[in-house]
Amino acid sequence: MGTAFKETKVAADAPATHKALAWVDDRFPLSKLWNDQWGKYHAPKNFNIWYLFGSLAMLVLVLQIVTGIFLTMHYKPDANLAFGSVEYIMKEVPWGWLVRYMHSTGASAFFIVVYLHMTRGLIYGSYRKPRELIWLFGFAIFLCLMAEAFFGYLLPWGQMSYWGAQVIVNLFGAIPFVGNDLSLWIRGDYVVSDATLNRFFAFHVIAIPLVLLGLVAAHLIALHEVGSSNPDGIEVKENLGPDGHGVDTIPSHPYYTTKDLFGVTMFLLIFSAVVFFAPEMGGYFLEYNNFLPADSLKTPSHIAPTWYFTPFYSVLRATTSDFMWVVMAGLAAYVVFIWLRSRLSHKVKIGITVLAVVLEIGMLPQVLDAKFWGVVLFGSSVMILATLPWLDHSPVRSIRYRPGWHKYVYGVFFVAFLVLGYLGTQLPTAAYTLIAQACTLLYFSFFLLMPWWSTMGRFKAVPTRVTFTPH
Amino acid sequence: MSKEKQVDSGRRGLLVATCAAGGVVGVSTAGVLVSTLQPSERAKAAGAPVEVDISDVKPGELKVVEWRGKPVWILRRTPEMMASLPKNDSLVADPGSNKSYQIDTPEYAKNEFRAREDHKEVLVTVGICSHLGCSPSSRFAEGAQPNLPDDWHGGFLCPCHGSTFDLAGRVFKNKPAPVNLDVPPYMYLSDNKIVIGKDEKGEA
């Protein structure tokens, strides 16, 4: 097995760097890793602005890790000291305010970049076969980011930190039988307390970041294994040139290195503007109530999660006991629809029907209350994203070659998502709740009906070569 | 088939036994790690009963004390406030407090005013919304006002998800909160002194 070790022969007068690299390459696949993962990784040449957000997410990840490390050098994860230590970082640590604002703005920037990155995947069908695992790894990264944001938000130990954590931990209390014990176990106390802060700190600074880094590696390895998709949604590997690479591809280095660097400068321009001129972003990036220390006896008059959670949070709030009747009717109609219009086998259909009947019984007000189902819908609204590769049955990947009206379907979905996001930041009123309920139905319909609507209409002919105009 | 492919059942048995033993050690270690997240002995000990002097609580006033880290409200209701309660009986989800609660409602509080008969004007309740644990705010003024129905008789509004409660801590129908506010066990040591977390039946 294998061949005997052989030192690469380098000319005696070769530069020292050359010799050093040869020495390393004989012992560790440094050049090979670089070439496989980036240097000679051939990507389609027709990437547009949407393809910047992957590398930008990587940049923000590094930024968060580096600023985070320096913040932990001054922060104290103790209920009596935490709030003060954040004030200390802001007021007394030299340049501490800048590091903290970079970290807090970085959190919001991370979500902006990742939401745009996911939108790209959605409109160009990047998650379609054979890229399902890339999407799933990416989805897991998104979950980790949400966990990071949630755990990190408790650390300043302000009013919003405290009550936000209280609300989310109590979500688990809605689970029948074990719920209350589960939330007690998560908090480590009868209320959110020092024990909770200490463990959230551990999750925020070490447990989740480790998982996150592993998932990022898996996401990139999977991507570089199957190759990138592109705005035309065609497989560039099907049209190879004499060098064995797709005729429509270019090596990432230097072509996409320079393109990404331009994206990075544009991003940093906006990012710095926010860090220096609007780090609180009108209460959206840093909520004003969080400038008050946590008080376990008094809930702020208006508590709302940070903006990146509000679409899902609106789904939770929209689930009232009246709305459950609508959900039950919707579920029943969906099962009838599956029987009439799906090509699934009878076995699967019967399975779905049995599951639906169990759910319908559970949704009766006498069985499980709306609070539990609110939590279920809240969780489902996030988890349903993972199923996209199996819901989309469109014969083409990219929106460019889909029927024109598909754009409106996506449009309605994005509007519903944004409206849910806006409503989540507002106090609930009767009218807002109705709108949130309508948007919740639209949100879920987009996904659940996708197997049908994604195949409907007249699709345009997909070209064999990518659309590209040299500049 | 060649001889090397044959399984040595003695070695295979040993392999299975070793893996099983290793698995037991692994699972128990994971169990230990998971258990460390439970409330510590110190956290459990902090849940002792609290004595409160209520002589300074005037009619219509609310006093907040801490018990097990949670806010407990002591509200001395005025006669008008007491009169508002029967009007809500048909509007609240569980008028008799018969559902199951995080803290079982004591027998003496399973009534319209959710308080002890001998001091029925004094409401003692945990000020934590049964939805997701926010602390509702006092909205004692009657009549129409933002986020409240027009026929409002006074009560509490949860700022998080808009659940409303009457002046006995009973939740109104079709709100995110499934059940009423918890009434902790409590008893009077004298007319103006109560102890929370303890009654004739013992400590909660």
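Reader: Why are α12(A) and α13(A) called roughly antiparallel to each other?

Author: This is a predicted model, where local features need pLDDT of at least 70, side-chain atom pairs count only at pLDDT 80 or more, and totals for chains, interfaces and linings use all residues. Residues are numbered from 1 along each chain as its sequence is written, with chains lettered from A and ligands numbered from 1 in the order in which they are written. Now the helices: α12(A) and α13(A) pack at about 170°, axes 10 Å apart. Angles run from 0 to 180 degrees between N-to-C directions, along lines fitted to C-alpha atoms, for helices over the stretch in contact. Over 145 degrees counts as roughly antiparallel, so that's the label α12(A) and α13(A) get.

Reader: What makes up the contact of α12(A) with α13(A), by class?

Author: There are 12 nonpolar, one polar and two charged residues. Ala, Val, Leu, Ile, Met, Phe, Trp, Tyr, Cys and Pro count as nonpolar, Asp, Glu, Lys and Arg as charged, the others, Gly among them, as polar. Contact means C-beta atoms, placed from the backbone, within 7 Å. A:Leu331 of α12(A) and A:Leu359 of α13(A) are among the residues involved.

Reader: How do you know that β8(B) and β9(B) pair?

Author: DSSP must find at least two bridges between two strands, and β8(B) and β9(B) have four, in the antiparallel sense. B:Ser190 stands opposite B:Lys193 there.

Reader: What makes β1 and β8 of chain B edge strands?

Author: Each pairs on one side only; the open sheet's order is β1-β9-β8.

How values were computed: Helices (H or I, at least four residues) and strands (E, at least two) are DSSP runs, numbered from the N terminus. Angles under 35 degrees count as roughly parallel, over 145 as roughly antiparallel, 65 to 115 as roughly perpendicular and the rest as oblique. Two residues are in contact if their C-beta atoms, placed from the backbone, lie within 7 Å.
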